[in-house]
Amino acid sequence: MLIRKNPNGIDLPFPSEITPREVYEGRRAFLAKVAASAVVGSSLWEMATREAFAQGTVQKLPATRNPAFSTNEKQTSFDDATHYNNFYEFGTDKADPAANAHTLRTRPWTVQIEGEVKKPQTIDLDRLAKLAPLEERIYRLRCVEGWSMVIPWVGYSLSSLIRQVEPTSNAKYIEFTSLADRSQMPGVKSRVLEWPYVEGLRMDEAMHPLTLLTVGMYGQVLPNQNGAPVRIVVPWKYGFKSAKSIVKIRFLRDQPRTAWNGIAPDEYGFYSNVNPNVDHPRWSQGTERRIGEGGLFTPKRKTLLFNGYNEVASLYTGMDLKKFY
């Protein structure tokens, strides 16, 4: 992987648009062999999510499909969605999160809520998951690197949590901070990013019903490599805007300094809405390759503005979406 220096002296990777399928499949086969030798009868998935197992079975989540928020497009396979990931806390290679995330301890887990709210609090995972009925929503996921997936997430609109803590009139933005523990996350020892990973939204974006506080996928608890035990999913933005393994939520007066926008603002805008008319310096955003659809020579799909979620367009009325990328 090529590395460049950003103005702050932090190493930034130059990943290819897509790791060739035969390469990451080969890595998965190798990792499966390692897992089998380490734990007889246990798959890599079982190792990476062992805290979600009860009596040897995956913890299922009671969730009702919400068709109003679900695409009918073919879903990405569970195997692809859990073995082709960007989660730099566990490494920069697409196979690294699945290989390394078994070290993440997801219980006990709490999320601290602070800032411009009337009810600051620390909330544990069990209470967080019960604040609103869980729904399954099948969302398109678009990565800035030019690939995409379709994933059935489990959670509820983030607005349900926001209303519970009662933001003040000063709250204009919301900031999400991910766990950054060197003892659990080997990638945090690297200088790829400034840790902890921080992302943020404008309050009206956070309150939009599409913005999902997520505790599961494919009908079960989140795999560690996919952001366990709690993450955000914002389907009309590039994937890096959806913070994983969240430990703190702050309500702010001013726009927060977020991970990628902070170190490379010329490449990663604060808004980062999916926009086929605004290319990244290294990746065209006009088309995308759907993971699991054929090989590298399969024709690419055209990328849709807002990833096809046109109901959010009113949030940006009057804004120059090329300037505010």
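A network of salt bridges links Glu 73, Arg 140, Arg 142, Glu 288, Arg 290, Glu 293 and Arg 301, a salt bridge being a side-chain nitrogen of Lys or Arg within 4 Å of a carboxyl oxygen of Asp or Glu. The model is predicted, so that local features need pLDDT of at least 70 and side-chain atom pairs count only at pLDDT 80 or more, while totals for chains, interfaces and linings use all residues. Residues are numbered from 1 along each chain as its sequence is written, and side-chain values use heavy atoms, with hydrogens and water left out. By the salt-bridge rule the count comes to 19.

Arg 140, one of the residues in this network, also lies over the face of Tyr 309, at 4.5 Å from the ring centre. For such an arrangement, NZ of Lys or CZ of Arg must be within 6 Å of the ring centre and within 35 degrees of the ring normal. Arg 282 is likewise placed over the face of Trp 283, here at 4.8 Å from the ring centre.

Secondary structure elements are DSSP runs numbered from the N terminus, with helices (H or I) of at least four residues and strands (E) of at least two. Five strands form an open sheet in the order β7-β6-β15-β10-β11, with mixed pairing; two strands pair if DSSP finds at least two bridges between them. Strands β7 (121–124) and β11 (198–202) are the edge strands, each pairing on one side only. On average, neighbouring strands of the sheet are turned by 20 degrees against each other, direction ignored, where axes are lines fitted to C-alpha atoms, for helices over the stretch in contact, and angles run from 0 to 180 degrees between N-to-C directions. Strands β10 (residues 173–178) and β15 (residues 246–252) run antiparallel and are joined by six bridges. Ile 246 in β15 is the bridge partner of Ser 178.

Strand β15 also takes part in side-chain contacts. Lys 248 forms a salt bridge with Glu 114, with the closest N and O atoms 3.8 Å apart. Because Lys 248 lies in strand β15 and Glu 114 in strand β6 (residues 110–115), this pair ties together parts that are 134 residues apart in sequence. Lys 248 is partly exposed at 26% relative accessibility, and Glu 114 is partly exposed at 22%; buried means under 20% relative accessible area, exposed over 50% and partly exposed in between, with a 1.4 Å probe and protein chains only. A further salt bridge joins Arg 253 and Glu 116, whose closest N and O atoms are 3.0 Å apart. Arg 253 lies in the loop between β15 and α8 and Glu 116 in the loop between β6 and β7, so parts that are 137 residues apart in sequence are tied together. Glu 116 is buried, with a relative accessible area of 18%. The side chains of Arg 137 and Glu 135 meet in a salt bridge at 2.9 Å, N to O. Arg 137 counts as buried at 2% relative accessibility, whereas Glu 135 is partly exposed at 22%.

Aromatic contacts were assigned to rings of Phe, Tyr and Trp (its six-membered ring) with centres within 6.5 Å; planes under 30 degrees apart count as stacked, over 60 as edge-to-face and the rest as tilted. Tyr 173 and Phe 270 form an edge-to-face pair, with 5.9 Å centre to centre and 80 degrees between the planes. Tyr 173 belongs to strand β10 and Phe 270 to the loop between α8 (259–263) and β16 (287–290), so the pair ties together parts that are 97 residues apart in sequence. Both Tyr 173 and Phe 270 are buried. Phe 270 also pairs edge-to-face with Tyr 271, at 5.4 Å centre to centre and 85 degrees between the planes. The relative accessibility of Phe 270 is 5%, and Tyr 271 is buried at 8%. Ring pairs link Tyr 173, Phe 270, Tyr 271, Phe 306, Tyr 316 and Phe 324 into a cluster.

Several backbone features lie in loops. Trp 195 and Pro 196 are joined by a cis peptide bond with omega about 0 degrees, and Pro 196 is in the loop between β10 and β11. The peptide bond from Ala 228 to Pro 229 is also cis, with omega near -5 degrees; Pro 229 is found in the loop between β13 (220–221) and β14 (231–233). Tyr 218, although not a glycine, has a positive phi of about 55 degrees. Tyr 218 is found in the loop between β12 (212–217) and β13 and is buried at 17% relative accessibility.
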